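The following note sets out points for discussion with a colleague who has the model open. The points are numbered so that each may be checked in turn.

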Amino acid sequence: MGDVQIMTGNQAAALGAKLSHVQVVAAYPITPQTSVTEMLSQSIEGGELKAEYIRVESEHSALAVCISASTVGARVFTSTSSQGLLYMHEQIHWAAGSRLPIVMCCINRGVGAPWTIFNDQQDSIAQRDTGWIQIYCRDNQEIIDSIIQAYRIAESVYVPVMICYDGFVMSHTMMPVEIPDAEAVSDFLPPYKPHTVLSPEAPMNINPVLFPWRRANKEGVLCDGYMEMRYKLQKALDESRDVIISTSCQFAGVFGRDHGGMLWQYKTDDVEIVLVGMGSVASEATTAVDMLRSEGIKAGVIGIRVFRPFPKEDVRAAFKKVKAICVFEKGISYGYEGALCSEIKAAFYGTDIRLPIHNYICGLGGRDVKARELAEAVRLSLDAIATGDTEPAPIWLNCFTE
Amino acid sequence: MPENLFNVNIEEYMLPGQRACQGCGLSLAYRYVLKALRENTIVTFPACCLTVLHGLYPTTSVAIPALNCTFASTAASASGLVAGLNALNRTDITVVAIAGDGGTFDMGIQALSGAAERGTDFIYICYDNEGYMNTGTQRSSATPIGALTSTTPVLTKQQPKKDMLRIMEAHDLPYIATTSSAYPIDLYDKFVKAKRIKGPRYMQIAVPCPPGWGYAPKDTVRIGRLAVETGIVALFEIEDGKFHFTGRSKTLAEKGNKLPVINYVERQGRFRKMSIEQLRQLQRWVDTRWNEYLERAEG
Amino acid sequence: MATPAIGEAGKTGEWRDMKPVCDHSKCIPSIKKKAACFLCWLYCPEGVIKATIPLEIDLEYCKGCGICAEECPGKAITMVNEGEKNG
């Protein structure tokens, strides 16, 4: 057993960045992310981590700094939440389109208006179309481990990675965390090689305007149009699935912990109804499942760890044996339903998986989600399914909806 | 004059056949900016006329490493270049941010103020053509009073030009300089000097724009000169807070013979709807600032 | 990504409707037979004028802005119509 300490999610995140030997950190404070930036400032000013720390004047600039620093070959890190993530949205698209291996923590917090400082996942889910890999952590151990894995994944597929974890619920909650050995981490992370070197030795223009059509260079060779470049981003995300899984396995081999690759399962042998979620709501669901099992209800949890690239084949394989699904999510695509629920349904299209799916919107703006509430929701869903209600409108859990 | 001319770096980093307009003031100025800064430079710039000048993939017209960025983030992009290069111990490269007045006075002001306040070791260049010219001459806070633009098409710009130079002075920078496309040697000398200074350096270039300002392309240098002759543009340097005129402005300050602004505005289509009151306001604005500069130059 | 080359926008000489023509008998460096003036070289926004004796202007890429003619102190350069488009 290595060095185990109790620490908050934010401490785990700062430690993960430090162990990964990040070279440039640019961050702006926002609740509940702030202590990550403070701890990294402490590490850098105290001499424990040799890195440039740019105390930027906004989140938009934070990611802009990361983008250009990564472009010249530095390993970079930033973190934010909610409004900060939204403010840098333009840059989030830019980073993915630039194919830069930036790793960013999103400490999940609900978005305004009206204001909330408390947890939900609307902020990061709203970024799902940008081309970032998204990993949702269920406990603080997974935070530190996923950050390390993220650099390895990002630097081999050249796609940025967002490590998401729930604000306050994890960021400010202490859990035991085994700190990976620093040397083992250094061995696990080979040095970063940028895909394009921006340097006076070979001048070129990075991220210029592209025409809609392909265009010949001075040698007469046809080069990519905008659409080809964007196709390459999608292709990289498709190919990242294998890298995510192999990295997860290799990490397990070196450090002894396997967080499940694309998704993880709890008590899904001989299961009828499955609770699905991302992050801490999924880990809370495991407690709900224990309650339900003690009553004789064959419940289990499938936790989606990687939301992007969406684990379509893993979802199809995992849900084949299931009879009913309750998707619990801390966010909603307004005007439709929970994004995770939609995407799971879409994953079944084209297969013969047809089963009742109930979508629960829960925990918005930090409303507490208790295991017994999840268990009660499952019992109600089972009753409803028995009467033939396979796909009700999204149910707002523990919310006054009169 | 020819001697100064012949001391200029003869290398051309801006290659022929680039996409800027006929008679573009930016094109003229940029030629000398690059000559002064030389090969060990990385430039970063947002979507603007310069993006178009640098060209469309897969070819670029500029033989200097360049990184495009989003419109608001030019100075932040430069901050990241500086940080990344420092982290990699590549301290031999000059990092240059360059944006138009729209990307500096307006959307880019936050990032610029941040980078300046942090003492970032880079050169920030604002090429001021007094409007969002790349997108078709929309009004910016740098547009002078009385000018027609596509977003002030009937009433003309109602507010005087934002004094960005004073805003940058408030950041206690080691070096601030104004330059003009019409005075390339003065510009070149200031950029050669700026390259050797450490810390945030702010350079503003007064750039005439034929389609945006409404004059024939052949008159770019003439219009640029008139801006200086009338005091609308003052050529100066502020080094560690100490102000002094340079070049033609120095001569004008000594001889006291700057021309009335009417000589400048009457040659440009954008001022054809300017009212008498606005003209008076512009003259007052020029005179007030000029007198302040004269006092500072003497002090 | 994008690599440097001449002619990114094509042969920008095709943009012209008037082209610069130099009367070398009025060109100060040609008269003095030494480096002098060359304000046309200085003020060319394209950098397509070569400061040589006699003066050379790259008509493949000259956009015909007319600044050189306007600024020449010896009035050696005049702008003349392109005439027939020669493809």
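**Notes on the predicted model**

1. Contact between chains C and A. Five residues of chain C and nine residues of chain A make up this contact. On the chain C side, four of the residues are nonpolar and one is polar, with no charged residue. The model under review is a predicted one, and the points below should be read accordingly.

2. Contact between chains A and B. Here chain A contributes 41 residues and chain B contributes 40 residues. On the side of chain A that touches chain B, at least two residues each come from strand S2 (24-26), strand S3 (52-54), helix H3 (59-71), helix H5 (89-97) and strand S9 (205-206) of chain A. H3(A) gives the most to this side, with nine residues. Sorted by class, the side of chain A that touches chain B holds 23 nonpolar, twelve polar and six charged residues.

3. Strand S17 of chain A. Is this strand, residues 357-361 of chain A, mostly covered or mostly open? Strand S17(A) is mostly covered, as five of its five residues are buried. Ile357(A), Asn359(A) and Ile361(A) point one way from the strand, while His358(A) and Tyr360(A) point the other way, and residues on both faces are buried.

4. Neighbours of S17(A). Strand S16 (residues 324-329) of chain A pairs with S17(A) in the parallel sense over five bridges; in this pairing Val327(A) stands opposite Asn359(A). S17(A) is also joined by two bridges to strand S18 (residues 395-396) of chain A, again in parallel, and Tyr360(A) stands opposite Ile395(A) in S18(A). The residues named from S17(A) in these two pairings, Asn359(A) and Tyr360(A), point opposite ways from the strand.

5. What is the hand of the β-α-β unit made by S16(A), helix H12 (residues 339-348) of chain A and S17(A)? That unit is right-handed. By contrast, S17(A), helix H13 (residues 371-386) of chain A and S18(A) make a left-handed β-α-β unit.

6. Domains of chain A. The assignment divides chain A into domain 1 (3-188) and domain 2 (263-396), and their C-alpha centres lie 27 Å apart. In the contact between them, 24 residues of domain 1 of chain A meet 20 residues of domain 2 of chain A. On the domain 1 side, H6, strand S6 (133-136) and strand S7 (161-166) of chain A each supply at least two residues. The largest share of that side, four residues, comes from S6(A). By class, the side of domain 1 of chain A that touches domain 2 of chain A has twelve nonpolar, seven polar and five charged residues.

7. Cis peptide bonds. The bond from Gly112(A) to Ala113(A) is cis, with omega near 5°. Ala113(A) lies in the loop between strand S5 (103-108) and helix H6 (122-125) of chain A. A cis peptide bond also joins Ile53(C) and Pro54(C), with omega about 0°; Pro54(C) is found in the loop between strand S3 (49-50) and strand S4 (56-57) of chain C.

8. Positive phi values in chain B. Glu130(B), although not a glycine, has a positive phi of about 60°. This residue sits in the loop between strand S5 (123-128) and helix H7 (164-169) of chain B. Glu130(B) counts as buried because 27 other C-beta atoms lie within 10 Å, the threshold being 20 or more. Asp172(B), likewise not a glycine, has a positive phi near 55° and is found in the loop between H7 and strand S6 (175-180) of chain B. With 13 C-beta neighbours inside 10 Å, Asp172(B) is partly exposed.

9. Chain C overall. Chain C has three helices and five strands, in the order β-β-α-α-β-β-α-β along the sequence. Its C-alpha atoms fill a box of roughly 45 × 35 × 15 Å along the principal axes. Of the 87 residues in chain C, 46% are buried. Among contacts in chain C between residues at least 6 apart in sequence, 67% join residues at least 24 apart.

Technical notes
Residues numbered from 1 in each chain as written. Chains lettered and ligands numbered in written order. Predicted model: local features only at pLDDT ≥ 70, side-chain atom pairs only at ≥ 80, totals over all residues. Contact = placed C-beta atoms within 7 Å. Nonpolar A, V, L, I, M, F, W, Y, C, P; charged D, E, K, R; others polar. Buried ≥ 20, exposed ≤ 12 C-beta atoms within 10 Å, placed from the backbone. Pairing = 2+ DSSP bridges. Right-handed = clockwise from strand over helix to strand, strands pointing away. Domains from an automatic or database assignment.
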